[in-house]
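User: I would like to learn how to read a few features of a protein model, starting with charges placed over rings. Please give the general idea and then the case at hand.

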Amino acid sequence: MRTRRGVPAIAAALAAVALLAAGCGTPNPAAQARLDGHSTAHSTGHSTADSTEHAATGATGHAATPTATAPPAALRAGETMRTVTSPVSYTPEAPTTGTDDYRCFVLDPKLARDSFVTGFDIAPGQPAEVHHVILFRVPPSAAAAARARDAESGGHGWTCFGGTGLGSRGASLDDAPWVGAWAPGGRENVLPADVGIPLERGSLLVMQVHYNLRHGVTPDRTSVKLRLSSSTQLKPLETMLYPAPVELPCRPGRSGPLCDRSAAIADVTARFGAMSGPIVNGLLLVCDGTIIPTPGPTQSCTRRVEAPATIRAVAGHMHLLGSSLRIELDPGTPRARTLLDIKVWDFDNQGSVPIPPTAIRPGDSIKVSCTHDQAWRDKLPDLKGLPERYVVWGEGTTDEMCLGLLSVTRP
């Protein structure tokens, strides 16, 4: 596999889309079911090594029933709790064609001092309609631009396919500027006691909400509870993102206009914007060193580690056609280790898994592999009735992604 060296423009574009996708697979330890018969076992989180199985008894691809509300964990020494809420009640609508709406809202945590986020609890107003929520940090230097963008709609936020639309200066796949996220099954997330996500005094948050319009268009007002600490003893926690291509052809004997790859790319471009095509081909170039795809159910990407870090947790993300996902460290070498092995993917159990602190160093490699299966079209209500298509990387609920996430601290 080729690394991303020599293609900085494509890497920057991939970063924007990967940041968009990141929250879909962020920490949410509660497991909900998605489909009768998908799996007969259940685990409370994704395991490392080779033992993961996921439950599946739901009917929609989202959690069949809302996750039971648990009492918040007690505040630790030096922590305070702050609630920020979407400033408006927003009724989602597709800004183009399709059944997905990505909307960004500005939240002001009113930080009077530099702080660390040590936990968060995101509460979607309409959980059935919300595919994911991501909290992006906006440094003080970019706060005026965020407020100006929001003012253009009278404080009602803005459409934000492909990221927040505020630019990602300083951001990269190796340090994604996000604070936290919610996906189906999500509950309160409390970080380990020695780490936190830095948030400068005067920073804002941009909350990106992905609405799945196939589940309704009821007005939504999402809120966030932030645990904050001003301790100077915490280690900054960062997120590293590892996207891989999706090149899933139609099944043998199935046909239709969108079974042509070019038509499928044109379709995601019509729905999500001009960056969609470059992302699809850019993933191939970054991961395989070519823009000529090798279609098939399993795709992977290996990227070299550029700077030392310590992995603290791992997670993966796909959509409804996902079947399995694996993240490996230094595959094919004596140091090879499986960091995450999801044998049976469950869209409603996208939990982040703490692992023993694992050092990575320059020259190491991280490989993410995803397997997707068109057969889920015949089983999942969210996909029934939709035409079969050649599936590429796309931002909609009924499109697909392949993404590995590492939560790391730096030496």
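Analyst: A charge sits over a ring if NZ of Lys or CZ of Arg is within 6 Å of the ring centre and within 35 degrees of the ring normal. Here the charged end of Arg303 is placed over the ring of Tyr242, 4.0 Å from its centre. Lys379 lies over the face of Trp376, with 5.0 Å to the ring centre. This is a predicted model, in which local features need pLDDT of at least 70 and side-chain atom pairs count only at pLDDT 80 or more, while totals for chains, interfaces and linings use all residues. Residues are numbered from 1 along each chain as its sequence is written, and side-chain values use heavy atoms, with hydrogens and water left out.

User: How many helices and strands does the protein chain have, and what share of its residues is buried?

Analyst: Helices (H or I, at least four residues) and strands (E, at least two) are DSSP runs, numbered from the N terminus. The protein chain has 4 helices and 21 strands. Buried means under 20% relative accessible area, exposed over 50%, and partly exposed in between, with a 1.4 Å probe and protein chains only. By that rule 55% of the 411 residues count as buried.

User: What do the contacts say about separation in sequence?

Analyst: A contact means heavy atoms within 4.5 Å. Taking contacts between residues at least 6 apart in sequence, 85% join residues at least 24 apart.

User: How many aromatic pairs are there, and how are they classed?

Analyst: Rings of Phe, Tyr and Trp (its six-membered ring) pair if their centres lie within 6.5 Å; planes under 30 degrees apart count as stacked, over 60 as edge-to-face and the rest as tilted. A search of the whole structure gives 4 aromatic pairs. One of them joins Tyr90 and Tyr211: the ring centres are 5.8 Å apart and the planes at 40°, so this pair is tilted. Tyr90 is in the loop between strand S1 (79-85) and strand S2 (100-107), and Tyr211 is in strand S9 (residues 204-212), so the pair ties together parts 121 residues apart in sequence. Both Tyr90 and Tyr211 are buried. For Phe161 and Phe272, the centres are 5.1 Å apart and the planes at 70°, so the pair is edge-to-face. Phe161 and Phe272 are both buried. One aromatic cluster is formed by Tyr90, Phe105 and Tyr211.

User: Is S9 buried or exposed, and which way do its side chains point?

Analyst: In a regular strand the side chains alternate between the two faces of the sheet. In S9, Leu204, Val206, Gln208, His210 and Asn212 point one way, Leu205, Met207, Val209 and Tyr211 point the other way, and all are buried. With 9 of the 9 residues of S9 buried, the strand is therefore largely enclosed by the rest of the structure.

User: Which strands pair with S9?

Analyst: Two strands pair if DSSP finds at least two bridges between them. S2 and S9 are antiparallel, over 8 bridges, and 8 bridges also join strand S4 (residues 130-138) to S9 in the antiparallel sense. Met207 in S9 is the bridge partner of Phe105 and of Leu135.

User: What is the strand order in the open sheet of 4 strands?

Analyst: The order is S14-S19-S16-S17, with antiparallel pairing. Strand S14 (298-304) and strand S17 (337-342) stand at the edges with a single partner strand each, so one side of each has no neighbour in the sheet. Strand S16 (residues 322-329) and strand S19 (residues 365-372) pair over 7 bridges, antiparallel. The bridge partner of Glu328 in S19 is Lys367.
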